[in-house]
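This briefing goes through one protein model, topic by topic. Look over the sequence and the structure before reading on.

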Amino acid sequence: MVDWEGILKEASERVQMVASHSDPEVQRRVVGVGASGDKTLVIDRDAESAAIETLLQAGDVRIVSEERGEVGSRRSRWTVLLDPIDGSANFERAIPFYCTSLAVTEGGRLSKTKHALVRNLVSGDVYYAEVGGGAEKNGKKITSSAVAELQDSVAAIDLSKAPRGVVEKLVPLVISVKRQLHFGANALELCLLAEGKVDLFVDLRGRMRVTDLAGGRVIAKEAGATLTTGRGGELDAALNLEERLDVLAAANAGLHAKLLARLG
């Protein structure tokens, strides 16, 4: 039996070492374009290599990562979704909010995810969840908030490169919530939702990849949050870098219903 919690923690620890013990100026250099289409920094490349080396110890595993794309066979029992540095644009500008995100699926769909881990690479905080087992931060159980009204909500809304139509659709929500913010690392923001520090997470740009979403999705859901597509459907996708998703997430089912209603 594979100790996925141990393997994911070890992989994230190795990424932490890469992020903490190298020359930041070197790490911020652009070295190419990854499989996801985004530019690759030295830190992206080195963090990915460190994580993959550990993950391959699990044996029958395929890895889908933002830089290399696919590693291993599609016939493998397990697929690990890896974003070695979520928030690399923050890292590039020395903004201290970025993480590594890992999720393990048994099957070919996002909905088949069994384990998830997100490590804040600035603070070292580790969020972990196993389906059916709840969510934790640094080994202690966490739960999403009980906020019931949009007017009392803090909302993380990603507007980066959003088309005008999406921005206009979000106006009724932005003027309804208590506070709107976005930090620039979606996996970590979903963990903030999981521990009750934000109440809503909204991304209607149609740009979210499974590697961006997989880890934070399970952690938030196990903490009690409700997550759907932008239209309220099941948040699911094939395990590749081509599909893109919208995400509506709320701390609880009642708040999610009000979020959907406000967005029409």
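Leaving aside neighbours within four places in sequence, which residues is L193 in contact with? The answer is S144, V198, D199, L200, F201, A220, A225, A249, A250 and A251. The model is a predicted one.

**Nonpolar cores**

- The largest nonpolar core has 43 residues, and L193 is one of those that touch the most other members, together with L110, F201, L213 and I219.
- Several elements give two or more residues to this core, including the strands β6 (99–105), β7 (113–120) and β13 (200–208) and the helices α6 (186–194) and α7 (210–222).
- Helix α6 gives the most, with seven residues.
- Another core, of 30 residues, lies apart from this one, and V61, I63, L102 and V104 are among its members.
- In soluble globular proteins, nonpolar side chains tend to be buried together.

**Helix α3**

- Helix α3 covers residues 42–55, which is 14 residues.
- From its first C-alpha to its last, α3 reaches 20 Å, close to the 20 Å expected at 1.5 Å a residue.
- Ten of the 14 residues of α3 are buried, so the helix is largely enclosed by the rest of the structure.

**Salt bridges**

- The count of salt bridges comes to 17.
- E53 pairs with R14, with the closest N and O atoms 3.5 Å apart.
- E53 lies in helix α3 and R14 in helix α1 (residues 4–20), so this pair ties together parts that are 39 residues apart in sequence.
- R14 counts as partly exposed, at 28% relative accessibility.
- R68 forms a salt bridge with E48, and here the closest N and O atoms are 3.4 Å apart.
- This pair also links distant parts of the chain, as R68 is in the loop between β3 (61–65) and β4 (69–71) while E48 is in helix α3, 20 residues apart.
- R68 is partly exposed at 44% relative accessibility, whereas E48 is buried at 2%.
- R205 and D203 meet through their side chains at 2.8 Å, N to O, and both residues are buried.
- D125, K137, E195 and K197 are linked in a network of salt bridges.

**Surface patch**

- V171, V174 and I175 make a nonpolar surface patch of about 260 Å².
- V171 sits in helix α5 (residues 164–174) and is partly exposed, with a relative accessible area of 42%.

Conventions. Residues numbered from 1 in each chain as written. Predicted model: local features only at pLDDT ≥ 70, side-chain atom pairs only at ≥ 80, totals over all residues. Heavy atoms only, no water. Patch = residues over 30% accessible without salt bridge, like charges linked within 9 Å, V, L, I, M, F, W, Y side chains within 5 Å. Areas by Shrake-Rupley, 256 points an atom, 1.4 Å probe, with all protein chains shown as cover. Salt bridge = Lys/Arg side-chain N within 4 Å of Asp/Glu carboxyl O. Helix = DSSP H or I, 4+ residues; strand = E, 2+ residues; numbered from the N terminus. Buried < 20%, exposed > 50% of the residue type's maximum accessible area, 1.4 Å probe, protein only. Expected span 1.5 Å × (residues − 1). Core = buried A, V, L, I, M, F, W, Y, C linked by side-chain atoms within 4.5 Å. Contact = heavy atoms within 4.5 Å.
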